[in-house]
Amino acid sequence: MTEILVLIDHAEGAVKKPTYELLTLARRLGEPSAVFIGPKDKASEATEKVKKYGAEKVYVVDDSEIKGYLVAPKAEVLQQLVEKASPAAVLIPSSFEGKEIAGRLAIKIESGLITDAVDVEEGPVTTQSVFAGNYTVTAKVTKGTPVITVKPNSATPEEVEGAAAVEEFAATISDVAKGAKVVASQPRKSTGRPELTDAAIVVSGGRGTGGEFGPIEEFADALGAAVGASRAAVDSGWIPHSFQIGQTGKTVSPQLYIANGISGAIQHRAGMQTSKTIVAVNKDEEAPIFELVDFGVVGDLHKVLPAATEQVNERKG
């Protein structure tokens, strides 16, 4: 059966949900082979995780030689694996790092590249949302081994036991790839909430919050959701830029997106309109956001959200 390479997205061996989604998509195309680039002592933990989602083989690459460098060494690892395994496609999570790895890899193997796919079918044929979300297109790589990055929450992970046969792979990393190294880093302060781009549920606030994000955060915590914001809220200094969703912020595609006090300008819509279900709360019944939503609530978010939070907490209890 045709081999499909899937790059494992992990933090020190703790496999992240987008990997399981990629393995699920990879099974539509052929036989998934996961690629673990990380500490050797964490490989068994990652292998057990991906085995449950159909990985038939796991390539383990010890990162002791390349840890701390930027993405170039990982692109070289994948290049050498492609040359060895001759896969039918390479699937990579559509994170900032993942897209840079994919771009470098595509150049190295002289192949076509598709980024930010929201679906992948046999072919492989991808579905993308393009031109600020105004069009949905299907696309296919016509040269070389397809390199495809897939947005988080594009597929529902399906558990299927795989063989997960481990094969250690020693890549040769060039000096050129080691041209940039991180010499210091500072961990991001934990909020206890999911990462915005990976979250299954996102609750966002805009100009209509008046700078009061308390109701947004409380409702998000009740749902186990991430908190986002529109550009207007960020530009007003109410919340850091790292929370911004939109054309000049982050792009999200959760199962549920709840926009509160957000008008629905095209800049914001470009970053969230591929969400599976969209709900909006806004006092203005003529707000453009209502053209996009599955469910709309015309009302004051400062009254609607506390009531909704209370109901959610009661039902959880």
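Guide: Leu 5 stands opposite Val 90 in β6. This is a predicted model, in which local features need pLDDT of at least 70 and side-chain atom pairs count only at pLDDT 80 or more, while totals for chains, interfaces and linings use all residues. Residues are numbered from 1 along each chain as its sequence is written, and side-chain values use heavy atoms, without hydrogens and water.

Strand β6 covers residues 89-93; strands here are DSSP runs of E with at least two residues, helices are runs of H or I with at least four, and both are numbered from the N terminus. β6 pairs in the parallel sense with strand β1 (residues 3-7) over 3 bridges, where pairing requires that DSSP finds at least two bridges between two strands. With strand β10 (residues 147-150), β6 also pairs in the parallel sense, over 4 bridges. On that side Val 90 stands opposite Val 147.

As for burial, 5 of the 5 residues of β6 are buried, meaning under 20% relative accessible area with a 1.4 Å probe and protein chains only (exposed is over 50%, partly exposed in between). In a regular strand the side chains alternate between the two faces of the sheet. In β6, Ala 89, Leu 91 and Pro 93 lie on one side and Val 90 and Ile 92 on the other, and both faces are covered.

The sheet around β6 is open and has 9 strands in the order β9-β8-β7-β10-β6-β1-β4-β5-β11, with mixed pairing. Its edges are β9 (135-139) and β11 (165-168); each has a single partner strand, so one side of each is left without a neighbour in the sheet. From one strand to the next the twist averages 35°, with axes as lines fitted to C-alpha atoms (for helices over the stretch in contact) and angles from 0 to 180 degrees between N-to-C directions.
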